[in-house]
Amino acid sequence: MLAASVVLAQPLDEAHLYAKQDTWQDTLAASWRHLIKLEQAEGDAAAATGPLALGPWHVIGSFGNSDGQGFAAVYPPETEIALDKTYSGMSKSEAKWRRMDSFVDGKVHTLNQHFRLTEWAIAYLYRKITAREAMEITGYFGSDDGLVVWLNGEKLISEDVPRGPSPDQSKAPLKLKAGDNHLLLKIVNRTGGWGFYFSTKPGGGNSAENPTHRRRVSALWDRLRADFVSPDDRLAMQTESADGVWPLDWDGTEPAQSRRLHGALGAHVSGSREVLAGLSHDLGEAAVAEPTKLLAVLEGQAGALSPTLDQAGAAARLRGPMHLAARLRTVLETRAQLVSTGLAVTDLAATYGDQYRGADMFRDSLIELTKRGEALVRRADAGKAIAPTDLQDWQQAVAALQQAALVRANPLLQFGKLMVLIRKPGGGNPGLPQNWQSNSSMRRTGWDTTIATIDPTDPAGAPATIFHSDKYFVGDLCLSFDGKRVLFSMPDAQKADRYQVWEVGVDGQGLRNVTVAADNDYDNYDACYLPNGQIMFTSSRCVQAVPCTGGDHVALMYLMDADGGKVRQLTFDQDHSWCPRVLNDGRVVYTRWEYNDTPHYFSRLLFSMNPDGTRQMAFYGSNSFFPNTMFYARPLPGSNSRVVCVLSGHHGNPRMGEVAIIDTAEGEMEAEGVVRILPGRHRQLTNPIVDQYATGQWPQFVHPYPLSEKFFLVSCKPGPDGWWGLYLLDVYDNLVPLRVEPGAAVFEPIPLGPTPTPPVIPPAVDLSRKDALVYMYDVYRGGGLAGVPRGTIKALRLIEPVYRYWGNGETHSTAIDGGWDVKRILGTVPVEADGSALFRVPANTPLMVQPLNAAGMAQQQMRSWFTAMPGETLSCVGCHERRAQATATGLRARSGVTKPAAIQPWYGPARGFSFAREVQPVLDRNCARCHSSGRVDFRPDPQPNGRFSIAYNTLHPYVRRPGLESDIHMLPPREFEANTSQLVQMLKKGHKGVKLSAEDWDRLITWIDLNVPYAGDWREAVPAAPENLIRRREEIRAQDAAVRAQQQAAQK
Amino acid sequence: MKLGSPVLIAAGVLAVLLFTGLSGPPVARSNVHSPAALVLAPDGKVLYVADQTQGNIAIVDVATGKVAGTVAVADPRGLALSADGQTLYASSGERDEICKIDTAARRVVARAEARRQPTGLCLSPDGRTLYCCNQFTDDVTVHDAATLKRTARLPVVREPRYATVTPDGTMLLVANQLPLGSNLDDSLGAVLTLYDLAGGGGTQVQLSRGATDVGQVVCSTDGHYAFVLHVLGRWLVPPTQLERGWISTNALTVVDLEKKARLNTVLLDDLDRGAANPWALALSPDGKTLYSTHAGGDEVQIIDPAKLLKLIAEWPADSLTALEDDLTAVYRAGVRQRVPSGGIGPRAVVATNDGAFVANYFSGTITHLSAQGKITQTIALGPQPPLDDVRQGEMFFHSSKVCFQGWQSCATCHPDGRTDGLAWDLMNDGLGNPKNAKSLLLAAETPPMMAQGVRDTVEVATASGYKYILFHMPTDEEMAATCAYLRAMKPARSPYVTRDGTLSAAAKRGKTIFERKDVACATCHPGPLFTDLKTYGVGTKGPYDDRSEFDTPTLVEMYRTAPYLHDGSAVTLREVLVERNKGDQHGVTSKLKEKDIQDLIEYLQSL
């Protein structure tokens, strides 16, 4: 609804948009409405004649990629565009061009539903672009998976990446000639999702993202600022701008604005209340009595105005209370900053004594600034406006005090040089992988990154360069303990732009690629120096895919010598290992992501291991919905149990989130050990169950570096419009900028200089061995079997999950709601009468354990796995004991046994549990005679249009089991005991005289306990067996230092 | 279990004695300072410090932090000060005597014979009676404080080092450093001996199963509770890892003195950081603060006893985890604070209401800690010369800084280089067959190492100990020094021989039997090392041993190394010689008469 009073006298063009009125708000509104008219007219004109006509998309496929070589293969559309032609496609199919009017720009489109053959398939997309004159525009692309872009036959983009599609994954300048231009896209799918994205506008053409619109709006604001110069107007502009009262896509109507003003008023009132609660806690209720009263008044006004938002003049009525509330909030927040600053000053003075210079002066300033703040509140309370200049002067004085007291005088910042990454482009996402991805899924080029040193106390000093790339992604810094060298990740042009681990001296000398393997079909990155001189890093050489996306490579943890030799795999997990860092006691803390029969949105926990890969165990957050995801853990100085990390979500904000201090001695799960979220001194911690944790809130953080237990360097983006800068953050909620580089992101702060080398933990591996020893003290200790009578457990069943290959991402690959992986059954080992067990297991093998009763039924489900290194002796107290639980004193376990048990095979050698091979024969023997048609049908034939057999589809609903997403908390013992299944109950009760043999019973029970697996290997699990990848995984595995040592030992 | 009434001594011997022919001291000797005990004058102005290696009591002026004088006492180990501050008592471990010192005159005014290696001293609340722990004779002697005349001897269990009397003077609490019992007994653990001083006899209170290396005991000001420090060895599981206190934890046990029973035990460790070698304990006079020293990690813990008792009272009975098995209970309850002691090897502490003085054995310093744990003063007993290899080795041997997460030191299982009285199922010879922790005395001279001789030399064994027990990669310096210390260890004179080393008449007879060809003890145990360094099967193979032959151990210091045999199954030598030697495979003892056996044992105890 346009206000009737605004009559546009000016001509409708860009030079005459500005329509000055009495107030800046009226001026902006009038001008804006003019702008809307102009753009509507332009749009109509463009549609009619247009400088540029984007023709409809045409699509053709499927062409083959079954050998994984399709990206490089040249199919007919690359040599000719003939929209009426038909070609032979993959698997003897026919490929024809089709016009796709539904493929509109600025949206992600999936291709799967448009083709019969989608796995390892390729499609081409073509459109004609007609330009009235030669011009350059920008094309923004997205793809799942690989992407090639040609314009008029010239190849502009070539990215052989596995990924899911999203806007703006790649961009390229499109140099259009006058007349017809030909845009061709090649979209190379591996498996699962397949799709693309295109737009000529960043962010998909949202008017907010339209540069012309932005420029025009920005010009209007410039004129406003020139015409309305009073401090009140200036502040009001700032406030309304920051509060989003004038969003770029405002439609010009008053109610839209009134609602935003009302929303802002509410936000300022509730924001003020939150700050007041903290101030009340710090200073006492009396100190906040006045602003509390004032807030109540404002709240009343907001309530009274609420029904009038659609009426004319509502915006004007709202502006008074809204601006008062905004200023009051600023006053209170600044007051709270003074409290925080005071606490930090007191702490620094107490901790550092004379080393902390100027404490008395800072205290005097604090007193004076506090008085000024109180005067401002009194003024507001007296119904007088808070003068903008008073407010801003005061704010600036507080900021200046923070710089002086917390930065320049802070003894913790007097370490000299600080190493940081300065990465451009700094806007959008400046190189943070999505939370389910690692570097291998990220854009490799198009970056400009400097590993630089800065003076943390001099925000204006020029950075000095250690290393610079104007092309490649550079990141994942790790400084050597002597402070002389730095490891980082960067693609290597010599290795097909695959990421590699690099090292350079902090003097910029001696650049070398550490990862020396000649292979160029996987990536190596995220490296960490170890106390003994070796290097731990992550690599996608495991040839595994993220189970749900398939296109994203899993990167696991590896060990190598300093010269890049003797590469050995350390983690054998389902999903990524991330962010290795050495703890003060010599262990390594890292993020382990896993989900197997547990809710898969909540399972990126902290793990620890010794540098040789032994003692892999949960560090924090096992069996927890919260914290959802922990990245960038680093130990606090002097502590073995406390780390700082970033709490993020499963999806949502890439790698970023809240800064948390976690003390594993306070507890091991959920909020138990989260001692503080920064900032958040007054925050009451709960256990939120949120997938996209911390998404949408500000400020956001990455890369915390502890200077002490209380002070941290951190990269922070304060709000949606800010830049990622370097800040000082402390437990008193101070967040003080140290370095902001407009246009760039400042990441990964590390003070330069030596740090104490943590102790070397003696290696406990024997690489010549293929096995490891496991000692369990007492299976009944710990919560896993709480309440289960002693003597119940007779054996442990050992199961090995086998993880999927690149490109194979899907929920129901191996079972219906039965976990994500193929499960190999290895057999059982005995448990002694006293609850102890001593047995040998294959090393380098993920192992899930199920304690079995005399009937062979699992009494608990380990919906995770442990892994032992070759020759390791691994011990545990019991079945999922708390970390704080030591062994009991005075109870001798296994007094009678000296020889470790070998695994007792389960009806044959270790093998993948296949329904067809293990269960179907039981059905054939006992059931199929009566049940071979109709509702209960146990025929082994494939289900029509499905991947599972008729018998499997028939049987699994009669089985009670954890399914795919059971409670992440530890299950109550016997919760899913096979006896609770209808199938078992029916057979036990007696069913038409069916008598199962002991083995047939065992096969059914084991199938139930394993969560009803269907496919026993990946050939059975996916339609097109990834033979090349199966072979490739074996080839790379054969290069492993442990595998080689075992071979040498076998030869001797 | 109750002991008999105190053994009354008909006539005490008070004498000033001259000594000759001492056996080697148990500690490395040099000109270094080694404060091992301290007391504070009632006015708080003077500290008396037992400087063990200097052989004197240093008198320290607290205000100036200077040593104002010294009084010579050889190998001083324990101190007690009269309530008026005028009389100081000191024990001389080396000379087996108690010295009475006039603090004004700064000289010894009387000496009395104690028994073998007197250590801790304490006075009755009325100041009239002095109690002296005698480490190697396993007893406490009771003395008239004025005359030092011995009035009674109270037998305890094993190697007492610390004792205290309840505030009402009715009960004597004696901390037995080591457990005494068969290593086949799962319930084995060190005990606290309570003596009813009114004549009611003694009671043994077991601290916890697996308790060993018992440190100081103190009594609450209301007399209701005793607090005692000790190691809690998880000795019945194989030492596969150190994480989470798998091998040794470090504990404080609270004993209910009314019920004469253990109230509960808490661990002073943290989840990922041990508090190794708990040693000395002091309670502030107002009863509000306990200070424990942890000699391995150079730490002091400042404990709130009220919170501690609250934690114990509120610990849920149905918890899946016993309090003594919970590594974070104390931390989460905020019961105590861990702070650096300000020196190396804190082995003594004395508390005031405002803080505590801590004696740092290896650095030769006394530090004062405020009640908040801040180091407010550091007093050097004198210039500390550079450490020689032996002293440095002794320091490493007693340090948990050379151990992953600081859970223990070499001295945890080998206190004073000897044994903790427990058996450990080390990984070097298969699982399920624990071996009694051997004394390391003469280890270098009697290769190979370990019960099955699986380590060739003391160097190999030391490196293995560091690597597989402390999970630490030793530096060359640590290795060389540790081995130098082990090589320098000297036998301590047996309580069964006279001061000049002469055998008793019975022991002389026993020596003859020992050396008889037909008895054949000396065949495999020939002097002077009392081992021929070979392995034999002597019929001691247990059901879980995978072999029958064991290394022949030295017999030197047998008086302090019980239990015996590789599996620690024999508590007494009689068991070894008679009950466990039915087939005469371990010497021909079946034909010996009872008196011969007694004489033989007397000789063996004298070595």
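## An exposed asparagine in chain B

Let's start with N31(B), which counts as exposed because its relative accessibility is 51%, just past the cut-off of over 50%. The model you are looking at is predicted. Along chain B, N31(B) belongs to the loop that runs between β2 (7-8) and β3 (35-40).

Which residues does N31(B) touch, once its neighbours within four places in sequence are set aside? They are Q54(B) and P385(B). P385(B) is 354 residues away along the chain, yet its C-alpha atom and that of N31(B) are separated by 7.4 Å.

## The domains of chain B

Stepping back to chain B as a whole, the domain assignment lists domain 1 (12-23 + 34-116), domain 2 (389-488) and domain 3 (505-606). Between the C-alpha centres of domain 1 and domain 3 of chain B there is a distance of 40 Å.

## A four-strand sheet in chain A

Now turn to chain A, where four strands make up an open sheet with antiparallel pairing, in the order β33-β34-β35-β36. At its edges sit β33 (700-706) and β36 (735-739) of chain A, each of which pairs on one side only. From one strand to the next, the twist averages 35°.

You can follow one of these pairings in detail: β33(A) and β34 (residues 711-717) of chain A are joined over five bridges in the antiparallel sense. Here P706(A) has F712(A), in β34(A), as its bridge partner.

A helix also packs on the sheet: α8 (residues 388-408) of chain A touches β35 (725-730) and β36 of chain A. The direction of α8 makes about 75° with that of β36(A).

Note on methods. Residues are numbered from 1 along each chain as its sequence is written. Chains are lettered from A and ligands numbered from 1 in the order in which they are written. This is a predicted model: local features need pLDDT of at least 70, side-chain atom pairs count only at pLDDT 80 or more; totals for chains, interfaces and linings use all residues. Side-chain values use heavy atoms; hydrogens and water are left out. Helices (H or I, at least four residues) and strands (E, at least two) are DSSP runs, numbered from the N terminus. Buried means under 20% relative accessible area, exposed over 50%, partly exposed in between (1.4 Å probe, protein chains only). Contact means heavy atoms within 4.5 Å. Domain bounds come from an automatic or database domain assignment. Two strands pair if DSSP finds at least two bridges between them. Axes are lines fitted to C-alpha atoms, for helices over the stretch in contact, and angles run from 0 to 180 degrees between N-to-C directions.
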